[in-house]
Amino acid sequence: MTSSPRRPHVDGRTDPDSGTSALGGQSAPDRGYLLDNARVEAGERFVWLAELFDGVTRGHFERLGVGAGSRCWEVGAGGTSIPEALATTVGPTGYVLATDIDPSWLKEGDGYDVRRHDVAADPAPEPGTFDLVHARLVLVHVPDRARALATMVAALRPGGWLLIEDADTALQPLACLDDSGPAQRRANRVCDAIRELLTRRGADLRYGRTLPRALREAGLVDVAAAGSFPVGGLACDRLEASTIRHVRGELLAAGLSDNTELDAHLAAIEAGELDLTLSPLISAWGRHPTEHTSALG
């Protein structure tokens, strides 16, 4: 689990609480990443995403053989939890690079290097050298997913592993699986509204299920995948509440919800009335082909 969130320094951009849109200065509609790093709610989301999914992700690292001396690139890192976990795993003989288009929440000097990097526009850093390249909940939001995937593959050494973890919101679109009452139905309406915002921003809500095929088409071998999603509990509640606060302005501006509905939904979350769930997280991995056995896995 990551540390408590702190407001990032956003390189001169307007404070997102000073009247700009939920995108932290991106006032035009239907532009940019809906859940960007510029708002304090992003830090809250990192905390609860770590609580929900870091165990899953670390299990895949272990399965793929990440260990002392491994070279790892964490793409679209967002918060600190995965770079810190990788740095602990690879030790002083390894190397961890954490990149993000907005690396404000990352902490240089905590055992990993930090670099500003756009995986869909910039070339691969140190191509052909990484034992592991990992991205979680990144590509689903990137319009040019094929280019981003090619950049990550280019960073792998022969025998290195690519691990991509992304949601498939269309596979399980409900916020409450037990659609048993008005509060649950309201939660699902709000979930539909957020999905609509994501679609307008270029997210592919069916991307998770395509990952095994995408990795094979990118030239990787030994491709496999698994899925995971939590149902109920404090972390799901807190993640949902922080997400609603993050995108509230966008929901209102788009006419997809209103203050009465959102206030009632937040109150139901706070009262513990809902068994909230998330879309399935699809984890897919594949190996850069080599004639020799990989040092990982």
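Hi everyone, let's start with Glu84, which is partly exposed, with a relative accessible area of 26%. One thing to keep in mind as we go: this is a predicted model.

So what does Glu84 pair with? Its side chain meets that of Lys107 in a salt bridge, at 3.7 Å from N to O. Glu84 sits in helix α2, residues 81-90, while Lys107 is in the loop between β2 (95-100) and β3, so this pair ties together parts that are 23 residues apart in sequence. Lys107 also counts as partly exposed, at 28% relative accessibility.

Across the model, the count comes to 15 salt bridges. Let me show you a couple of others. Arg245 and Glu44 meet through their side chains at 2.7 Å, N to O. Arg245 is partly exposed, at 37%.

Now to helix α4, residues 182-200, which holds both Arg200 and Glu196, 4 residues apart, or about one turn of the helix. Their side chains form a salt bridge at 2.9 Å, N to O. Arg200 is partly exposed at 35%, and Glu196 is partly exposed at 32%.

There is a network too: salt bridges link Arg71, Arg115 and Glu126.

Last stop, Ala124. You'll find Ala124 in the loop between β3 (113-116) and β4 (130-136). Is Ala124 buried or exposed? Ala124 counts as buried, because its relative accessibility is 15% and the cut-off for buried is under 20%. Beyond its neighbours within four places in sequence, Ala124 is in contact with Thr151, Ala154 and Ala155.

Note on methods: Residues are numbered from 1 along each chain as its sequence is written. This is a predicted model: local features need pLDDT of at least 70, side-chain atom pairs count only at pLDDT 80 or more; totals for chains, interfaces and linings use all residues. Side-chain values use heavy atoms; hydrogens and water are left out. Helices (H or I, at least four residues) and strands (E, at least two) are DSSP runs, numbered from the N terminus. Buried means under 20% relative accessible area, exposed over 50%, partly exposed in between (1.4 Å probe, protein chains only). Contact means heavy atoms within 4.5 Å. A salt bridge is a side-chain nitrogen of Lys or Arg within 4 Å of a carboxyl oxygen of Asp or Glu.
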